[in-house]
Amino acid sequence: MAQVDKKAGLLRKSSASRKPLKEKVVLMYDEIFGLEDPAKNNPRFWEELFLMKVNLEYLEGKLESLDGDEVMKIKDNINSLFHNCIQALAEEHQIKVVNALQTLCALLRGVHQRNKSTSGFDIINMLMGFDKAELRMKALMESLDAQLCGDRSHSLKSLCFKLLLCLVTVTDNISQNTILEYVMINSIFEAILQILSHTPSRIQHGYDAVVLLVLLVNYRKYESVNPYIVKLSIVDDETTLNGMGLVISQALSEYNRQYKDKEEEAQGGFFSAFTNMVGSMFIADAEEKITVHTNEAILLALYEAVHLNRNFITVLAQSHPEIDIVSTPSVAAPTMPIAPLGTTPPSLDMLASPELPLDPNLQTSNLLITFLKYSSIVMQDTKDEHRLSSAKLCLIILTCIAEDQYANSFLHDDNMSFRVNLHRMPMRHRKKLADKSLPSRPLVCAVLDLMVEFIVSHMMKDFPMDLYVRCVQVIHKLICYQKKCRIRLHYTWRELWTALINLLKFLLSHETTLLAKYNIFNLALLVVNLFNMFITYGDTFLPTPSSYDELYYEIVRMHQVFDNLYCMVLRVSTNTGQWKEPASKVTHALGNIRAIINHFNPKIESFAAVNHISQLSEDQVLEVVRSNYDTLTLKLQDGLDQYERYSEQPKEVAFFKELVRSISLNVRKNVSLTTLSQDVLLKEFSTIS
């Protein structure tokens, strides 16, 4: 027995001392990272390498571990690896092509990790050498273009997109990625459009195609002529534009659906019963459970499409009760990388689904409705940095839409009525609206609802001034269109007026705190001039004469707010200081509002005294207003229906640069190369000649 134990001990000792065997591909990588040419003693080295299963982790790790001197010593071998990868892309053997693509991805990712602070020039030199860079990149881009446009498998095309996304995001700031100069020269724009216009390929690769396009459009967009911007701005093919719209719509719809599921989950069960029992004191806690990670890449794609291409505006209103009825592809679909809600593409089931997840009361939907619902979720909580930038981008998109003549024509079209269920922030002083109570109305009503909802729900300590300014500007632009075209929109204008007056009240209550951070007079002027628009031109676009009466009623009823505002701006404008000029503009703008208050208040008080009534009803006040219009004198104010059109440069440059940087980091983090398992690929390309 002792002898057996002794033998066992010896066996264990000998197996423990034995070095673990390295797989052949790792040994071949070690040769590449050696000082000699790996093909010197083995002419078939590169051919054999691309028949081996790629070890992504080892290759990336090896590159990361090298210091500057070591890299320069093996630069020729890395250049050879890059060159031979490109040559392998032209092979007929699909496994070689797949392995070459994965190797290129690992090279790019490894080089990025090692050179986070390095410029694009150094990365070019390390990968391919300056002298050969133009030739190598031309060959690479031509091969990728051929793979994407050719009759290749979905898995292979997916890998091509992953490589391109790795290439684009190799530096944190894509405008410093000099490799992209070659992507500008050797354009793959047409290949991206082909993917978007062809239903099966759009279902599989549309999301990656749109994200890639939006990143390329933002490469040095302010410093030089970007061919992707030029080409995107002139696309007029309906199928392609609709394809892009569908990808954006499906990604936003999936996000909306997931949010709704999480919301219902948070409202159900014991927690909901408990909060209902004790009242609404825990309502904020319940909401915090719904974590929302915004999809900034898709939102930026929508912005670029709306901002750059006027033809895309038609896609916003494209009604679709059903979406391309196609069967789920039989090809093994690549699994999506695990990431927070909203940052990944929609599932393939969703993309191949014959119908969008529409509300039960909606028979049709369109991209604009989906976007408005998405915006209503994102705008609920702007305390998080990503949601704040997403809310800002939503408002910029709405600004572009509100300025567009064609967009306004379908927004205000009575024949295009929809029931749009926007998400509303839970607030203690109001009940949740029942979805069924919503009427079908022109889409502009949903836009106005969204703006009113934002105004009402964000008057807080951490005041989002910039968002408020944009919100009021969107309303102003829509009203300018209504005034110009004499469109009498049947909308509950009183809700808007009440929200705007409460906003002024908030600004007055927090004057000291807000003035330390912001120019509150700019926002106050925008709000006051909105009222001036209604006072001066309301008879041309308000739905009925009684609506105009109600406007005057609200101004008179809330006169204390306007009086207090006048006292505040008069005080500031008569003192020397930085706010003297902006405050004096508000003082001047309040002229007609003060004339209305000063004209009607004595009349109302006189009516109450004569009739011995201590408190007048609304109808009685309205009667006084109607009977005293004739003696009211107002001044005509110029420029109320004029506005400065949106321009990305120079005001928004810093915002978009930071946004693109954030998207680039997120894309690089979520590009998963391990999702295409070798087993799946081997099955797919089982016939290797």
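This tour moves through the structure stop by stop, saying what to select and what is found there.

Before selecting anything, keep in mind that this is a predicted model, in which local features need pLDDT of at least 70 and side-chain atom pairs count only at pLDDT 80 or more, while totals for chains, interfaces and linings use all residues. Residues are numbered from 1 along each chain as its sequence is written, and side-chain values use heavy atoms, with hydrogens and water left out.

**The whole chain**

Start with the protein chain shown as a cartoon, where the secondary structure comes to 35 helices and two strands; these are DSSP runs numbered from the N terminus, with helices (H or I) of at least four residues and strands (E) of at least two. Of the 689 residues, 55% count as buried, where buried means under 20% relative accessible area, exposed means over 50%, and partly exposed lies in between, using a 1.4 Å probe and protein chains only. Among contacts (heavy atoms within 4.5 Å) between residues at least 6 apart in sequence, 79% join residues at least 24 apart.

**Helix 9 and helix 10**

Next, select residues 130–149, which are helix 9, and residues 154–168, which are helix 10; their axes come within 9 Å and cross at roughly 145°. An axis here is a line fitted to C-alpha atoms, for helices over the stretch in contact, and the angle runs from 0 to 180 degrees between N-to-C directions. Now show the side chains at the contact, including Met-137, Leu-140 and Leu-144 of helix 9 and Leu-156, Phe-161 and Leu-164 of helix 10.

Select Cys-105 and then Cys-166, whose sulfur is the nearest cysteine sulfur to that of Cys-105, at 4.3 Å. A disulfide is a pair of cysteine sulfur atoms within 2.5 Å, and the structure holds zero of them. Cys-105 is buried, with a relative accessible area of 0%, and Cys-445 is likewise buried, with a relative accessible area of 0%.

**Salt bridges**

Side chains of opposite charge can pair when their charged atoms come close. A salt bridge is a side-chain nitrogen of Lys or Arg within 4 Å of a carboxyl oxygen of Asp or Glu, and by this rule the count comes to 35.

Select Lys-96 and Glu-47, whose side chains meet in a salt bridge with 3.9 Å from N to O. Lys-96 is in helix 7 (residues 94–114) and Glu-47 in helix 3 (residues 45–49), so that the pair links parts of the chain 49 residues apart. Lys-96 counts as buried, at 5% relative accessibility, whereas Glu-47 counts as partly exposed, at 35%.

Move on to Glu-652 and Lys-392, which form a salt bridge with the closest N and O atoms 3.9 Å apart. Glu-652 sits in the loop between helix 33 (618–626) and helix 34 (653–670), and Lys-392 in helix 22 (residues 385–403), 260 residues apart. Both Glu-652 and Lys-392 are buried.

Then select Lys-483 and Asp-641, where a salt bridge has 2.5 Å from N to O. Lys-483 lies in helix 25 (residues 465–485) and Asp-641 in the loop between helix 33 and helix 34, so the pair ties together parts that are 158 residues apart in sequence.

**A last stop**

Finish at Lys-383, in the loop between helix 21 (367–378) and helix 22, which counts as exposed at 62% relative accessibility. The C-alpha atom of Lys-383 is separated by 7.9 Å from that of Asp-462, although the two residues are 79 residues apart along the chain.
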